[in-house]
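Subject: Structure handover

Hello,

Here is the structure I promised to pass on. Please look it over, then read my notes on the helix packing below.

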Amino acid sequence: MRGELKQQELMKNIADNVVGMMKEHGADWAKPWRKAVGATGEPLSAKKRHYTGINRMNLGLVIALQGYSSPVFGTFKQWKSLGAKVKKGSSGIPVVFYSQIKIKDKQSDEDRMVPMLKAFYVFNADQVEGWDGSWIKDQAPEDQAWEDAIDADALIEACGATFHHTQGNSAYYNRGSDSVTVPLRSQFKDASGYYGTAFHELVHWTGHKSRLDREFGNRFGDAKYAMEELVAELGSVMLSIISKVDVDPAPDHAKYLNSWIRMLGDHPNAIIKATSSAQKASEYILQSSKAAYRLILASNKSGEEIKG
């Protein structure tokens with residue numbers, strides 16, 4: 001087993017997995033990922049902490065592609081410390097993290113800190129023997145409890161977005177009015193189609209300059225446009241896992257496939273930016289909804305009237 005992957009090789013491996021699923025499953029390329037993680041739960045480290053960003057997506061894809069029954073991953077040393085043994089012949093899965101290193105600025109001759117991406121290998125619990133279900137003690141603060149979420153409708157209603165349901169065939173986020181428009185629920189074939197569309201447009205809503213301030217691009221086909229659409233698609237998947245509902249992509253999302261495949265093929269590192277932005281968007285929606293939901297609960301408990 002090689003000790004460390006170069007950054008470009010690592011990102012290419014992840015991007016190739018995504019492109020492979022896009023080519024095999026078309027517009028619904030994320031369905032195996034959603035289905036697998038929906039059954040096992042989000043990827044966890046041996047410290048019982050959720051993976052984030054690109055690692056969250058990549059390990060979710062690995063669970064789907066390898067058919068693992070457990071969401072837990074650990075390094076060789078971590079499993080050993082828990083009294084477990086990695087099975088002979090098992091292949092590790094690369095994960096990445098950023099650390100800060102000090103370098104000397106050639107122009108100013110001053111020290112400065114820069115981020116350095118490092119890679120290491122983890123193994124799924126299905127690849128080890130002798131694990132008794134215990135965890136490595138971790139003094140770090142608890143990260144986001146993704147399972148602790150309100151339902152899909154509450155997520156949409158409480159996040160703060162101006163949301164319009166209209167008779168029509170179009171779903172879109174309007175930057176000018178800062179509002180989301182989707183067809184009536186009755187126009188969708190099923191709930192999966194509705195939630196897939198609603199979540200996709202809500203992720204676009206988070207990109208407004210007053211929120212996460214993402215670049216949207218100006219027209220179909222340009223790189224920024226394709227990136228924003230991929231962020232919305234990934235964010236929709238993350239929201240579906242958080243709220244425990246299945247989602248189907250809108251039929252017109254198939255037109256973006258070639259742009260995504262080309263972008264990831266030419267620039268594998270784009271997958272890091274896309275997943276990071278999608279996670280920030282899904283967290284923004286979740287936290288906005290939870291904050292509003294807590295206010296409603298508090299008002300109800302105090303006997304105050306809730307006015308719409």
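A crossing is right-handed if the near helix is turned clockwise from the far one by less than a right angle, and left-handed if anticlockwise. Keep in mind that this is a predicted model.

Helix 6 and helix 7 first. Helix 6 passes helix 7 in a right-handed crossing. Helix 6 covers residues 191-206 and helix 7 covers residues 223-243; they pack at an angle of about 120 degrees, their axes 8 Å apart. That makes helix 6 oblique to helix 7.

From helix 6, Gly 196, Phe 199, His 200, Val 203 and His 204 take part in the contact. Their partners in helix 7 include Glu 228, Val 231, Gly 235 and Leu 239. By type, this contact of helix 6 with helix 7 has five nonpolar, seven polar and three charged residues.

Next, helix 2 (residues 31-40). Helix 2 packs on helix 7 at an angle of about 25 degrees, with the axes 10 Å apart. The two are therefore roughly parallel. This crossing is right-handed too. Trp 33, Arg 34 and Val 37 of helix 2 meet Leu 234, Val 237, Ser 240 and Ile 241 of helix 7.

Last, the core. The largest nonpolar core holds 60 residues. Trp 29, Trp 33, Leu 202, Leu 230, Trp 260 and Leu 264 touch the most other members. Helix 7 gives the most to this core, 11 residues. Beyond its neighbours within four places in sequence, Trp 33 contacts Met 21, Met 57, Gly 60, Leu 61, Ala 64, Leu 234, Val 237 and Ile 241.

Best wishes

Technical notes:
Residues numbered from 1 in each chain as written. Predicted model: local features only at pLDDT ≥ 70, side-chain atom pairs only at ≥ 80, totals over all residues. Heavy atoms only, no water. Axes fitted to C-alpha atoms, helices over the stretch in contact; angles between N-to-C directions. Helix = DSSP H or I, 4+ residues; strand = E, 2+ residues; numbered from the N terminus. Parallel < 35°, antiparallel > 145°, perpendicular 65-115°, else oblique. Contact = heavy atoms within 4.5 Å. Nonpolar A, V, L, I, M, F, W, Y, C, P; charged D, E, K, R; others polar. Core = buried A, V, L, I, M, F, W, Y, C linked by side-chain atoms within 4.5 Å. Buried < 20%, exposed > 50% of the residue type's maximum accessible area, 1.4 Å probe, protein only.
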